[in-house]
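Hi,

Here is the structure I promised to pass on. Have a look at it first, and then read my notes below.

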Protein chains: 6
Amino acid sequence: MSWLPSLKTATPEEGYELAIKLSRMAVKKTQPDDAARERMRPDYANNADSLTQVSLVVATNFQTVAKANDYWKS
Amino acid sequence: MSWLPSLKTATPEEGYELAIKLSRMAVKKTQPDDAARERMRPDYANNADSLTQVSLVVATNFQTVAKANDYWKS
Amino acid sequence: MSWLPSLKTATPEEGYELAIKLSRMAVKKTQPDDAARERMRPDYANNADSLTQVSLVVATNFQTVAKANDYWKS
Amino acid sequence: MSWLPSLKTATPEEGYELAIKLSRMAVKKTQPDDAARERMRPDYANNADSLTQVSLVVATNFQTVAKANDYWKS
Amino acid sequence: MSWLPSLKTATPEEGYELAIKLSRMAVKKTQPDDAARERMRPDYANNADSLTQVSLVVATNFQTVAKANDYWKS
Amino acid sequence: MSWLPSLKTATPEEGYELAIKLSRMAVKKTQPDDAARERMRPDYANNADSLTQVSLVVATNFQTVAKANDYWKS
């Protein structure tokens, strides 16, 4: 089963969760070692600027997901 | 109740508030510890470059919200 | 009266001014203390990289405002 | 006369020049002191990362200008 | 054979892989020396902020690929 | 002859090359001294984060070029 079968989600909130998933996947594919990623977690989870950049990536992916769902208008 | 039931807002100003909410939610979901986030607040609230980056995230999310509302034209 | 009654402006130049206003508002909402923001002003106003990032935020907001005005074509 | 009477340009190259102008204007409006900006010039003009960020701002503004001109298709 | 014959992909997941490929290609074209790129790998693969920026590039390219595929709606 | 006669390219690969050209042109116009740019080359060509930012600029310009070519669909 694909980790990304579709960009469609039932609700905006699920769309936002998908944007987070898309944001993390690029990190995972660049650093596939789970333990290495886990070790870095405190570095960004406790740094305000790091968290802001994470939020920028999510915002960029949310643009894509929201568009794909026609902004959940209908 | 969802924290994001819809991207629709009555006015541009409410849309801007929603963009701020979207920007903060990614931070909250990455660092769910309220106290940890509170401790970091002075780090970015008193740093000009940090605030500029926060504003970039809000601008990116506002693009999405404004589009979802057809720029509040009608 | 709302600080953002509409994204419509009469001219591209006014649209650019609105983009600057949108960029500053996110900073103001994150750091509401006027004196604190004033103290930070020399930090970014005299730093080339800081100013470039400010310009990136304005560019991102100008995309939104220009689109909302159909690029002032008509 | 406005510094930005229109987003329309006759050619893609002129559109790119307008994107540069838009990028510089946000800097000028944030730091209106000509001498201060001139002093900072060597800081970014001789720093590779600074120049890359300048290019990101121009790219973002060029998206807007190109769209306003329907990509100079006709 | 071109490394980029088309922006069309059969699935969203393949589209995401193409976004990663596009992101890496700009690096390769700026630093064509394979050994030099390989030497830098630990620098970004073990740095949280570097990985976040990589994810931002992928998100930006995924916007393009997703749009080119009409979000794999049909 | 203009360095940017059109945003149209025959193929996606040529479109990507044009995105690289657009990315470099902003640098060239900000630092017109060829020798100065050449001196900076090792700074970014051997720094992973610098290369990631270069890739972000190319991704942003590629969005514009791809849209101008209707994603080479026809």
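What percentage of the 74 residues in chain A do buried residues make up? The figure is 58%, where buried means under 20% relative accessible area, exposed means over 50%, and partly exposed is what lies in between (1.4 Å probe, protein chains only).

Before the rest, some ground rules. This is a predicted model, so local features need pLDDT of at least 70 and side-chain atom pairs count only at pLDDT 80 or more, while totals for chains, interfaces and linings use all residues. Residues are numbered from 1 along each chain as its sequence is written, chains are lettered from A and ligands numbered from 1 in the order in which they are written, and side-chain values use heavy atoms, with hydrogens and water left out.

Chain A in outline

Chain A has 3 helices and 0 strands, running α-α-α from the N terminus on. Helices (H or I, at least four residues) and strands (E, at least two) are DSSP runs, numbered from the N terminus. The C-alpha trace of chain A spans about 40 × 30 × 15 Å along its principal axes. Take the contacts in chain A (heavy atoms within 4.5 Å) between residues at least 6 apart in sequence: 58% of them join residues at least 24 apart.

The accessible surface of chain A comes to about 3300 Å², and 50% of that belongs to carbon and sulfur atoms. Areas come from the Shrake-Rupley method with a 1.4 Å probe; for residues, only the protein chains shown count as cover.

Chain A does not touch chain C, their nearest C-alpha atoms being 12 Å apart. Chain A does not touch chain F either, and there the nearest C-alpha atoms are also 12 Å apart.

Charges

Chain A carries 10 positive and 9 negative charges, with mean positions 6 Å apart. Lys and Arg count as positive and Asp and Glu as negative, with His and the chain ends not counted; each charge is placed at NZ of Lys, CZ of Arg, CG of Asp or CD of Glu.

One member, Asp49(E), is found in helix H3 (residues 48-68) of chain E and is partly exposed, with a relative accessible area of 39%.

As for opposite charges, side chains can pair when their charged atoms come close.

- Asp34(A) and Arg37(A) form one, with the closest N and O atoms 2.9 Å apart. The two are 3 residues apart in helix H2 (residues 34-45) of chain A, so about one helical turn separates them. Asp34(A) is partly exposed at 48% relative accessibility.
- Arg37(B) pairs with Asp34(B), closest N and O atoms 2.9 Å apart. In helix H2 (residues 34-45) of chain B, these residues are again 3 apart, about one helical turn.
- Arg37(D) and Asp34(D) meet in a salt bridge too (2.9 Å, N to O), and both lie in helix H2 (residues 34-45) of chain D.

Phe62(E) sits in helix H3 of chain E and is buried, with a relative accessible area of 0%. What is it in contact with, leaving aside neighbours within four places in sequence? From chain A there are Leu4(A), Leu7(A), Leu22(A), Asn61(A) and Thr64(A); from chain E, Pro12(E), Gly15(E), Tyr16(E), Ala19(E) and Trp72(E). Phe62(E) and Arg37(E) are 25 residues apart in sequence and 23 Å apart in space, C-alpha to C-alpha.

Gln53(D), in helix H3 (residues 48-68) of chain D, is buried at 15% relative accessibility. Not counting residues up to four places away in sequence, Gln53(D) touches Thr52(C), Gln53(C) and Gln53(F).

Backbone

Most residues other than glycine have a negative phi. Tyr71(A), however, has a positive phi near 60 degrees; it lies in the segment after helix H3 (48-68) of chain A and counts as buried at 9%. Tyr71(F) also has phi near 60 degrees, and is buried at 8% relative accessibility.

Cheers

Technical notes. A salt bridge is a side-chain nitrogen of Lys or Arg within 4 Å of a carboxyl oxygen of Asp or Glu.
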